[in-house]
There are 2 protein chains.
Amino acid sequence: MIILVGFLLFSFFSEFECSRPNILIMLMDDMGWGDLGVFGHPSKETPRLDQMASEGMLFPDFYTANPLCSPSRAALLTGRLPLRNGFYTTNAHARNGYTPQEIVGGISDRELLLSELLALAGYRNKIVGKWHLGHQAQYLPLKHGFHEWFGSSNCHFGPYNDKSTPNIPVFRNDEMIGRYYEDFQINRTTGESNLTILFTEEATSFIKKQAQAQQPFFLYWAPDATHAPVYASRSFLDKSERGLYGDAVRELDFSVGIILDTLWTTGVANNTLVFFTSDNGAALVSKIMGGSNGPFLCGKETTFEGGMREPAIAWWPGTIKPGQVSHQLGTVMDLFSTALDLAGVEPPSDRVIDGISLKSTFIDGKMTDRPVFYYRGNELMAVRLGFYKAHFWCWSNSWEELKQGIDFCPGEKVEGITSHQQMNYTTQPKIFHLGRDPGEKYTLNPKSKEYQKAKSAILEIVKEHKNNLTPGKPQLNWCDKAVMHWSPPGCKKLKRCLTPPSPKPYLCSWPH
Amino acid sequence: MIILVGFLLFSFFSEFECSRPNILIMLMDDMGWGDLGVFGHPSKETPRLDQMASEGMLFPDFYTANPLCSPSRAALLTGRLPLRNGFYTTNAHARNGYTPQEIVGGISDRELLLSELLALAGYRNKIVGKWHLGHQAQYLPLKHGFHEWFGSSNCHFGPYNDKSTPNIPVFRNDEMIGRYYEDFQINRTTGESNLTILFTEEATSFIKKQAQAQQPFFLYWAPDATHAPVYASRSFLDKSERGLYGDAVRELDFSVGIILDTLWTTGVANNTLVFFTSDNGAALVSKIMGGSNGPFLCGKETTFEGGMREPAIAWWPGTIKPGQVSHQLGTVMDLFSTALDLAGVEPPSDRVIDGISLKSTFIDGKMTDRPVFYYRGNELMAVRLGFYKAHFWCWSNSWEELKQGIDFCPGEKVEGITSHQQMNYTTQPKIFHLGRDPGEKYTLNPKSKEYQKAKSAILEIVKEHKNNLTPGKPQLNWCDKAVMHWSPPGCKKLKRCLTPPSPKPYLCSWPH
């Protein structure tokens with residue numbers, strides 16, 4: 001009788017597990033499409049990611065939802081464009097905003113996050129690494145569906161002095177346990193930091209725990225070693241032919257390997273969808289300390305391909321056949337829809353969801369026609385439909401910034417396209433064929449039939465899109481030094497609270 | 001007794017075969033480093049080449065000897081830099097010359113070609129496709145060690161009128177059998193031509209014949225579908241997302257697959273070294289009808305990485321272990337030295353050979369320190385040593401040409417580097433670290449220790465190189481309309497001879 005019950009329970013769990021796979025999203029920070037060997041980096045220093053691709057499905061046409069970190073991450077977790085979920089600014093036209101520690105806003109309670117929906121469905125959720133959806137207490141991960149967190153709400157900028165500017169706290173769940181540069185070191189001279197090791201251990205111990213508990217999990221692994229200031233742990237320093245940035249890539253590649261190995265050793269590999277991607281294009285502004293966008297134009301902050309096309313690999317042994325390449329146009333918002341689909345959860349029906357489920361793409365190679373929208377702040381800069389990409393607005397950044405050495409397109413110059421003033425091409429968009437011209441160098445002739453046909457189809461899509469668009473309340477307009485990390489949750493217990501200045505809200509400045 | 005002799009003969013041949021493998025060099029025409037999936041082309045349209053790489057050894061740091069076709073091909077077959085073997089011009093400084101049908105010169109009898117040396121060692125040699133080492137009778141392949149030829153001495157430009165300019169002949173061995181656009185069609189409107197099919201059939205039938213004859217072979221497979229005017233056969237037209245250029249790449253990829261399959265089916269795969277590469281960087285001047293140089297700067301005609309770094313794969317089942325990447329700096333001239341090494345032939349000792357044998361690299365992954373010299377015509381433009389590349393001269397092409405729309409670096413602009421006048425940096429070379437900066441965008445600071453160290457090491461190499469350099473007689477100085485293809489060998493038999501004009505030599509014009 002006991003044996004029979006055990007057997008039935010086992011059957012139940014087996015079926016239960018199979019029907020609700022674990023979801024593991026690996027989101028890199030500022031890593032470029034061209035940083036992986038499998039996407040052509042000449043150094044070929046990512047053996048584990050290349051292997052992951054050869055065992056799974058590679059997506060060369062996968063996009064983020066915004067060429068900057070916070071809006072991209074908000075889009076991933078809500079399945080919605082930043083203009084809908086509030087991760088944009090109206091302070092100036094077509095400017096990217098994010099969540100520095102002066103930001104007042106964050107993810108709205110009205111948004112439904114993937115973590116919240118999966119939690120309701122019985123998943124155990126953990127975020128490891130960077131959150132970036134607002135750092136005031138009400139915005140933190142454990143308020144939005146995550147059960148566990150190790151990481152930080154912001155970029156690891158610093159060191160600060162804790163007087164005019166506090167150092168960024170590191171959290172364990174809903175309380176700070178220390179600060180960068182104080183308790184969690186990043187050596188700005190050598191680039192040494194063991195953070196990727198910590199982030200990897202957090203991931204593997206969570207996987208082991210969940211495998212033991214036989215409870216499905218959602219692990220959002222968001223290390224930030226390739227975001228400035230770039231870092232790697234000691235054993236990876238000076239190992240890459242690419243310098244420190246390459247050291248960071250090598251360590252992340254190694255860590256991906258460790259995590260995939262852990263899925264195997266814990267027996268859950270066949271029941272876990274792993275999706276690897278990045279939050280935006282490589283930060284070419286960082287020059288040799290930034291990544292590579294391969295053959296694509298410009299980088300982070302821009303709506304050219306280099307700013308928004310991301311490395312992407314789906315891996316799910318036994319379900320996704322090895323060695324596949326899918327040219328499905330995908331976006332980070334699809335990870336929301338796909339994860340819900342796999343978990344058997346209905347997506348919210350009371351709002352527009354921009355993601356689509358890639359489940360059939362993973363399993364049967366299904367291709368779905370869908371547009372990709374390239375937003376920069378509050379402006380729809382460009383749209384891709386099939387191979388055609390129409391730019392309505394073009395610019396990289398201002399002349400003033402360029403003169404200060406801030407260049408999002410170093411070594412690149414396409415007349416009228418990589419412009420330093422906002423060029424409005426709404427009435428006659430600049431159209432590229434990304435198959436023949438992935439580098440966006442040769443605009444189609446507006447008099448050609450091909451141009452006319454592409455323009456009509458895209459304008460139709462834009463019309464429908466705009467008709468269906470209710471912008472969320474912009475979260476990235478207001479800044480205030482009083483909201484900085486003076487007294488994060490948990491600081492009292494540690495006796496590490498700092499004294500904030502009086503509130504003095506001001507409109508955030510978003511130069512690009 | 002008969003059985004015993006048979007057995008002994010078989011043993012002898014087996015050993016003989018193993019010690020002298022077949023050599024198959026696949027040389028593409030204007031194909032870029034970034035055109036292959038394995039080197040990161042977003043279309044991922046080269047499944048057979050990607051498979052070849054996964055079964056063999058990939059060389060991301062492999063170079064040609066000149067950023068233009070004829071000198072590159074002369075270097076491959078002689079193992080010597082074009083400045084030594086005569087494939088350069090002194091008509092103007094730092095200009096690339098080649099062998100159009102007006103050229104008077106060609107490969108000198110004083111050069112020893114790989115084909116000649118392998119013929120002496122008992123190999124059967126065939127060239128399929130483009131020769132490009134001179135087209136007057138004394139320069140043709142069968143005068144230089146090849147036993148068989150199907151292809152042409154020149155580019156497939158045309159159609160011409162056979163009055164002011166004759167169409168280019170196609171040869172079978174030492175006689176013409178027809179002309180392009182007359183007997184061998186290339187549809188300039190649709191891009192259709194079945195030439196790649198013919199070149200592939202020539203390769204496979206030769207392999208079959210040699211496998212049957214149990215005689216080692218050297219097959220130099222040099223199709224030209226990716227050189228302007230680009231073409232593909234009917235079943236490949238409109239198949240690529242990249243347009244006609246991509247169709248040509250797909251067909252070549254397919255053909256590579258057919259040839260490798262033939263090595264397997266004839267039982268000689270394990271005894272054949274196959275090396276795939278290209279003659280120079282992608283012709284970016286052709287815009288969307290040209291290839292991709294991936295993340296590298298500029299293209300064909302230039303001595304930036306995009307002009308001279310080539311896709312390269314070594315394949316030799318059972319000898320080269322699968323799935324390897326070698327960062328050995330290699331050059332097309334190494335194919336000369338490597339082939340001789342594998343055939344057990346001593347390289348000529350009476351002249352400088354610039355190639356090195358890659359045999360130990362193939363077998364044991366051995367790395368050899370060696371420089372790469374970037375020549376443009378008669379000028380040493382740059383040198384790579386380790387990761388450091390020093391430019392002594394920089395330019396892409398002239399302002400006059402640029403104004404005519406001839407651009408070797410479209411969409412790219414690096415101050416002082418992609419210049420339109422010849423910039424002399426001999427006293428203080430522009431130095432790049434190609435590991436951290438493969439795109440040659442960020443010069444090292446001349447005041448840095450790193451710069452000083454790299455400069456000293458490279459200048460030492462240059463001094464040694466120049467001390468040891470005896471230029472060959474320049475073959476690319478003189479042109480004459482009288483030497484055009486009016487009456488190629490074999491024309492009488494076909495009654496297809498045309499009447500040449502009177503000889504009127506003139507200095508060839510080499511604008512870039």
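Which strand order does the open sheet of three strands in chain A have, and what kind of pairing is found there?

A: Happy to walk through it with you. Please keep in mind that this is a predicted model.

Let's begin with the sheet. Its three strands run in the order β10-β3-β13 in chain A, the sheet is open, and the pairing is mixed. β10 (309–310) and β13 (330–331) of chain A are the edge strands; each has a single partner strand, so one side of each is left without a neighbour in the sheet. In general, the strands of a sheet pair through backbone hydrogen bonds, and they can do this in a parallel or an antiparallel way. For strand β3 (residues 62–63) of chain A and β13(A), the sense is parallel, and two bridges make up the pairing.

Six disulfides are counted over all chains. If the bonded cysteines of chain A are numbered in sequence order, they pair as 1-2, 3-6 and 4-5.

One of the disulfides joins Cys298(A) and Cys409(A), with 2.1 Å between the sulfur atoms. This pair ties together distant parts of the chain, 111 residues apart: Cys298(A) sits in the loop between β9 (272–278) and α8 (305–308) of chain A, while Cys409(A) lies in the loop between α11 (399–403) and β18 (423–424) of chain A. The torsion about the S-S bond of Cys298(A) and Cys409(A) is about 105°, so this disulfide is right-handed. Both ends are hidden from solvent by the accessibility criterion: Cys298(A) has a relative accessibility of 0% and counts as buried, and Cys409(A), at 3%, counts as buried too.

Another disulfide links Cys491(A) to Cys497(A), where the sulfur atoms are 1.9 Å apart. With 90° about the S-S bond, the link of Cys491(A) and Cys497(A) is right-handed. Here the two ends fall into separate classes: Cys491(A) is buried at 4% relative accessibility, whereas Cys497(A) is partly exposed at 34%.

Chain B has a disulfide at these positions as well, joining Cys491(B) to Cys497(B) with an S to S distance of 1.9 Å. Its torsion about the S-S bond is about 90°, so the disulfide of Cys491(B) and Cys497(B) is right-handed. Cys491(B) is buried, with a relative accessible area of 4%, and Cys497(B) is partly exposed, with 33%.

Cys155(A) is buried, with a relative accessible area of 3%. In chain B, the sulfur of Cys155(B) is 4.9 Å from its closest cysteine sulfur, in Cys69(B), which is again too far for a bond. Cys155(B) counts as buried at 4% relative accessibility.

Now for the place where the chains meet. The contact draws 36 residues from chain B and 36 residues from chain A. Between them, chain B and chain A bury about 2800 Å², and 63% of that is on carbon and sulfur atoms. On the chain B side, Pro42(B), Glu241(B) and Tyr442(B) lose the most area to chain A, together 23% of what that side buries.

Let's finish with a residue in chain B. Leu83(B) belongs to helix α4 (residues 82–85) of chain B, and its relative accessibility of 7% makes Leu83(B) buried. Setting aside neighbours within four places in sequence, Leu83(B) touches Tyr88(B), Tyr375(B), Gly377(B), Asn378(B), Leu469(B), Thr470(B), Pro471(B) and Gly472(B). As for Cys479(B), it is 396 residues from Leu83(B) in sequence and 19 Å away in space, C-alpha to C-alpha.

Conventions. Residues are numbered from 1 along each chain as its sequence is written. Chains are lettered from A and ligands numbered from 1 in the order in which they are written. This is a predicted model: local features need pLDDT of at least 70, side-chain atom pairs count only at pLDDT 80 or more; totals for chains, interfaces and linings use all residues. Side-chain values use heavy atoms; hydrogens and water are left out. Two strands pair if DSSP finds at least two bridges between them. Helices (H or I, at least four residues) and strands (E, at least two) are DSSP runs, numbered from the N terminus. A disulfide is a pair of cysteine sulfur atoms within 2.5 Å. Buried means under 20% relative accessible area, exposed over 50%, partly exposed in between (1.4 Å probe, protein chains only). Contact means heavy atoms within 4.5 Å. Buried area is the accessible area (1.4 Å probe) that two parts lose on being put together, summed over both.
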